Amino acid sequence: MSAATTTVAVRPQARPARDFVRGTWYIGRREIRLVLRTPAALLPGLFIPVFFFFVQAGSLTRVAQASGFVGNYKAFILPVSILFAVSNGGAGLNMVQDIESGYFDKLVLTPTNRLALLLGAMGADFARVLVQGLFTAFVAYLVGVHWSTGALGLIAMVALASLWGLAYSAMGFGIALKTGSAQATQSAFVLFFPFVFLTTSFAPKEALSGWLATAATYNPMTYLLSGMRTLGLEGWHLRPILGALLAIGLVASITITAALMALRGRVK
Amino acid sequence: MNAIEVEGLVKTFPGEVEAVAGIDLAVSGDEIFGFLGPNGAGKTTTIRILTTLLRSTRGKARVNGLDVEQRAAEVRQIVGVALQEAGMDALSTGREMLVLQARLHGMSGSEPQRRAAGLLEKVGLSDAGDRRVGTYSGGMKRRLDLAHALVHGPQVLFLDEPTTGLDPASRQSIWDEVRRLNRDEGIAVFLTTQYMEEADQLCDRLAIIDHGRIVAMGTPDELKASIGADVVTVAIRPEEAQAARTALEGLDGLIDLRMDGAGLTLFVNDGSETVADVIRLLDEATVGVGAVSVSRPTLDEVFLRATGSRLEGAGDTSAARGEAAS
């Protein structure tokens with residue numbers, strides 16, 4: 001080690017809003033870089049939803065059509081596949097690694113806004129699930145799934161799903177920040193199952209009965225699926241789309257609040 | 001103005017675990033100050049409080065006059081921190097890590113790149129700067145960690161056991177850089193260590209901390225002089241310790257006597273005059289005497305005198321050598 005260096009003057013934080021945006025952007029960029037450097041970690045998010053789509057469509061299309069509930073079962077089941085793609089079970093795991101290694105402390109020791117540490121990571125995660133959702137939709141398009149609102153509707157559907165993915169990922173980030181444990185963070189994925197199975201994933205609401213119909217009524221995923229399916233099977237109907245946004249907003253308000261509280265607890 | 005001022009600092013963790021039990025100290029802006037103590041003594045907890053990573057339970061701490069809890073954001077702008085775990089992002093390159101850190105400290109344009117290049121050169125990592133950090137050796141990670149702590153030109157540098165696990169060459173390299181930063185760039189340094197040798201050679205002043213309390217503080221020479229004595233060490237069998245203690249109680253010139261796993265340590269006024277009496281008294285008490293040595297006090301003896309036990313691995317670099325391959 002040698003050579004003298006100049007001491008850098010400390011900058012006053014005169015523009016906190018600008019610094020917050022910059023911090024979020026740079027943290028997000030770093031997160032995306034980490035994802036791109038572990039491409040194998042992307043494979044489950046790309047492969048499993050497509051696999052699910054083909055298995056479901058292959059095994060249930062004729063049954064669904066024979067029952068008369070659904071005419072275009074592939075378009076009916078596609079939103080569920082996309083939700084598999086965007087409900088990211090790995091959200092927060094990079095943050096856990098940073099916490100365990102001590103790197104998170106390095107980020108906390110910068111003057112950047114604490115919220116940027118969370119939002120940057122969540123933003124990168126949003127970009128990731130958006131790509132995974134678009135990939136699933138693209139594969140469905142290639143195998144000839146008919147879509148009533150065209151390419152724009154497909155993109156809108158994936159965007160809705162990705163917003164859900166963002167809300168869902170906040171749960172993983174919250175657990176990561178609260179516990180600093182990879183095992184606990186991965187367990188957030190378990191909560192995906194009641195969301196996706198106690199609802200209209202495989203059959204329309206009219207076909208459900210008893211406790212499952214009741215559970216579906218209170219499950220926000222029901223309204224999300226309704227909005228997404230409207231785009232695929234019916235058209236640009238505002239009411240179910242707003243219902244989907246409302247359901248996402250409800251879940252997001254809980255998960256993001258919990259994540260912010262966990263962040264505050266960790267960096268206090 | 002002092003670089004660091006601490007008054008009555010206490011940190012209690014859940015379960016009534018008192019990691020820091022009331023610390024007072026002041027570090028001037030031009031010194032290298034060491035915190036010497038064993039694992040669990042409260043060194044890292046103190047650093048985490050001083051660097052805003054942890055809130056204290058009671059007491060006050062200021063860095064360059066800024067209260068670390070009331071003005072945490074400002075404190076973070078003037079402190080550089082290298083924690084015990086080198087906190088690395090294994091998938092990024094060294095350069096990428098430094099550039100990100102510079103940007104999060106508010107630098108823009110090409111400045112982060114320039115700053116990163118300068119720091120990589122300074123810590124001898126120019127050639128490895130574009131390699132992923134996961135491929136770095138332990139010593140390289142420590143040097144990158146030091147560069148990280150310097151990205152924003154801090155006024156006060158906190159180093160938590162900066163050389164633990166390093167080979168002698170890497171340790172010397174870190175020492176040289178710490179001295180240079182203090183001497184040439186006027187950066188006050190607060191470091192923790194378990195190594196007596198490091199505390200002795202590197203620190204202008206040091207505090208010995210044990211069970212969350214400072215038990216001795218001063219320059220290394222002051223601390224050694226405070227014993228005011230020579231040190232006579234006598235190897236004996238543990239089962240004869242009580243008999244030896246009884247035999248030596250009336251020894252002329254005896255200031256203090258401590259027992260540990262290695263045998264007896266006697267603090268005496270004049271070692272060369274006393275050693276013959278020590279051997280005679282032990283012989284009369286039929287205590288088997290092994291190796292006997294007389295020496296001037298070291299920090300190890302200061303630590304023993306202050307805490308009643310030796311610092312495990314104190315000044316012993318073999319442990320560091322063993323870990324150096326990581």
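How many bridges join strand E1 of chain B to strand E2 of chain B? The count is 8, and the two strands, residues 4-13 and 17-27, run antiparallel. Strands here are DSSP runs (E) of at least two residues, helices are runs (H or I) of at least four, and both are numbered from the N terminus. Two strands count as paired if DSSP finds at least two bridges between them.

Some ground rules first. This is a predicted model, in which local features need pLDDT of at least 70 and side-chain atom pairs count only at pLDDT 80 or more, while totals for chains, interfaces and linings use all residues. Residues are numbered from 1 along each chain as its sequence is written, chains are lettered from A and ligands numbered from 1 in the order in which they are written, and side-chain values use heavy atoms, with hydrogens and water left out.

**The sheet around E1 of chain B**

E1(B) and E2(B) form a hairpin with 3 residues between them, and B:Gly15 in the turn has a positive phi of about 90 degrees.

B:Val10 is a handy residue to look up: its bridge partner in E2(B) is B:Ala21, and in E4(B) it is B:Arg58.

A salt bridge (side-chain nitrogen of Lys or Arg within 4 Å of a carboxyl oxygen of Asp or Glu) joins B:Arg62 and B:Glu7 at 2.6 Å, N to O. Because B:Arg62 lies in strand E4 and B:Glu7 in strand E1 of chain B, the pair ties together parts that are 55 residues apart in sequence.

**A second sheet in chain B**

Another open sheet has 4 strands in the order E12-E13-E11-E14, again with antiparallel pairing. E12 (254-260) and E14 (292-295) are its edge strands, and the twist averages 15 degrees from one strand to the next.

| Strand pair | Sense | Bridges |
|---|---|---|
| E1(B) and E2(B) | antiparallel | 8 bridges |
| E1(B) and E4(B) | antiparallel | 5 bridges |
| E11(B) and E14(B) | antiparallel | 4 bridges |

**Where chains A and B meet**

At the interface, 35 residues of chain A are in contact with 44 residues of chain B. The area buried between them is about 3800 Å², with carbon and sulfur atoms giving 54%; buried area is the accessible area (1.4 Å probe) that two parts lose on being put together, summed over both.

The structure holds 30 salt bridges over all chains, and the count between chain A and chain B is 5. One of these joins A:Lys106 and B:Asp145 at 2.4 Å, N to O. On the chain A side, helix H1 (16-36) and helix H5 (103-108) each supply at least two residues. H1(A) gives the most, with 8 residues.

Methods. Contact = heavy atoms within 4.5 Å. Axes fitted to C-alpha atoms, helices over the stretch in contact; angles between N-to-C directions.
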